[in-house]
Amino acid sequence: EKLGTIGVPLPGIDVKIVDVEDPSKELGPNESGEIVIKGPNVTKAYWNKPDETAASFHDGWLLTGDIGYMDEDGYFFLVDRKKDMILSGGFNVYPLVIEKAVHLHPDVSEAMAVGVPDAYRGESAKVFITLNRGATPFTLEALQEFLADKLGRHEIPRHLEFRDELPHTPVGKPDRKALRAEAGG
């Protein structure tokens, strides 16, 4: 077993990684893209929903909406959800990658990143942060400097907002949908 992986496919189940924009293009090891799946336990269509079926399948493969990669040993890793991806200046930016880097800051208790409209880039990342007890808010520039060696330039947040708490779903998962709605993304 490998730490952080979702494992390998069960026998009889086919899984591969394809380009997010072109599902006919299969990607190689360690390249992030959409996880697609095919097998006897995978539905072939949505009942009486031809439009949803057409949007969710490509050449018999179910487009899961999960972004991930497969390593050289055939183990799969989840990166994020396609619907949460930020398209910034032509680059695919994954909020979980940003959040993991921001969580390394010693004053950060919780962080959530979403895409917000950006006239130049199309979208840019906005990070919402709750601080640890007793921590002092910092500037966007200080956060960007902290993240400079942890993220690519296209992943660096362009907006920052501190909150007393962040929204969560009824089961306790971070609710990016609520933040996107508030932020206009």
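Two strands pair if DSSP finds at least two bridges between them. Helices (H or I, at least four residues) and strands (E, at least two) are themselves DSSP runs, numbered from the N terminus. Keep in mind that this is a predicted model, where local features need pLDDT of at least 70, side-chain atom pairs count only at pLDDT 80 or more, and totals for chains, interfaces and linings use all residues. Residues are numbered from 1 along each chain as its sequence is written, and side-chain values use heavy atoms, with hydrogens and water left out.

Let's start with a pair of strands. Strand 4 (residues 61-70) and strand 5 (residues 76-81) run antiparallel, joined by 5 bridges. Met70 has Phe76 as its bridge partner in strand 5. The two strands form a hairpin with 5 residues between them, and Gly74 in the turn has a positive phi of about 90°.

Now look at helix 2 (residues 95-102). Here Pro95, Ile98, Glu99, Ala101 and Val102 are buried, meaning under 20% relative accessible area with a 1.4 Å probe, protein chains only.

Where does Val102 reach? Leaving aside neighbours within four places in sequence, Val102 is in contact with Val108, Ala111, Val127, Ile129, Leu143 and Leu147; contact means heavy atoms within 4.5 Å.

Finally, visit Pro29, in the loop between strand 1 (14-18) and strand 2 (33-38). Pro29 and Tyr69 are 40 residues apart in sequence, yet 6.9 Å apart in space, C-alpha to C-alpha.

Technical notes:
Buried means under 20% relative accessible area, exposed over 50%, partly exposed in between (1.4 Å probe, protein chains only).
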